[in-house]
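Have the model open as you read.

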Amino acid sequence: MNELDSETRRRLEQLKLDALAEFAAGAGHEINNPLAIISGYAQLLLSRTEDADSRTWLGIILAQTRRAYDMIVDTRTFARPPKPEPTSFILADMLRDFLTRKQKEAEARKIELIRVPSSEELPTSVFFSDPAHLVTVLDSVLMNAFEAVGEGGRIAFDVSVPAADGSLLFVVEDNGPGIPDAIRDQIFSPYFSGRQSGRGLGFGLCKAWRLLEGLGGEIDLEPVQRFATGCRWVIHVREMEKAKPDDQTKVGETKE
């Protein structure tokens, strides 16, 4: 009976995802066109005016059209995430570029970003996974932390290679308002918002969770260790399996 219930729940979840994907595709077609027109006219007006107030309001219009567009893209990504394209890359190079960009964003938001490993201490090993998906995961989790702590907040970012198999462990911890136990089961659901608890969830966390599924990773919410309050997100990512030579078909090669 439990196996039947589990299979029924799985099918219902898939039906919900299929419906969400269809909605995102339809919304993208119907909404993106007017968004493009609004954005285009706003940019045109912005190029023709020097009035400070007008430029401020036009900037807000452009930012909000981009936000609406990103919401549609995130919905589509969650419903039907793109397949990973794994490749070998040097962890230190990827993380150095990513953290440099996030450090500048943190400074602009007046947030303290504590990088536990310095640039010289970043893992220099070669990792086999999809670097673009991994960066999107980390960016989504850090963005959630940025929005949670606000100006004057503190966020710690740590990365290590704890296991013998070379798997990665990322930790993002913030001193924001935290997430109540009552809603923790829903934090990765796109149909739920945690803003009534003082911390918005948005699509970032559920998008990160879905992409991690494709990478063979997990994300968990654990009790904070560094700060008195907040969230501690632990992201575990394993190397993806490399295709065996026998499984690869060479270009132009035909079987006899």
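Helix 2 (residues 52-79) has 28 residues and, at 1.5 Å a residue, should span 40 Å; its end C-alpha atoms lie 41 Å apart, so the two values agree. Here the expected span is 1.5 Å times one less than the number of residues, and helices are DSSP runs (H or I, at least four residues) numbered from the N terminus.

A quick word on the source: this is a predicted model, where local features need pLDDT of at least 70 and side-chain atom pairs pLDDT 80 or more, while totals for chains, interfaces and linings use all residues. Residues are numbered from 1 along each chain as its sequence is written, and side-chain values use heavy atoms, leaving out hydrogens and water.

At the start of helix 2, a side-chain oxygen of aspartate 51 comes to within 3.3 Å of the backbone nitrogen of aspartate 53. Further along, the buried residues of helix 2 include Leu58, Leu62, Thr65 and Ile72; buried means under 20% relative accessible area, exposed over 50%, partly exposed in between (1.4 Å probe, protein chains only).

Histidine 29 belongs to helix 1 (residues 2-48) and counts as exposed because its relative accessibility is 53%.

| Pair | In sequence | C-alpha to C-alpha |
|---|---|---|
| Histidine 29 and isoleucine 72 | 43 residues | 10.0 Å |

Now for another pair of helices. The axes of helix 4 (residues 131-149) and helix 5 (residues 204-215) come within 9 Å and cross at roughly 155°, with axes being lines fitted to C-alpha atoms over the stretch in contact and angles running from 0 to 180 degrees between N-to-C directions. Helix 4 and helix 5 are therefore roughly antiparallel, the word for angles over 145 degrees.

Methods:
Helix = DSSP H or I, 4+ residues; strand = E, 2+ residues; numbered from the N terminus. Polar contact = N/O pair within 3.5 Å; in protein donor to acceptor, adjacent residues only side chain to side chain. Parallel < 35°, antiparallel > 145°, perpendicular 65-115°, else oblique.
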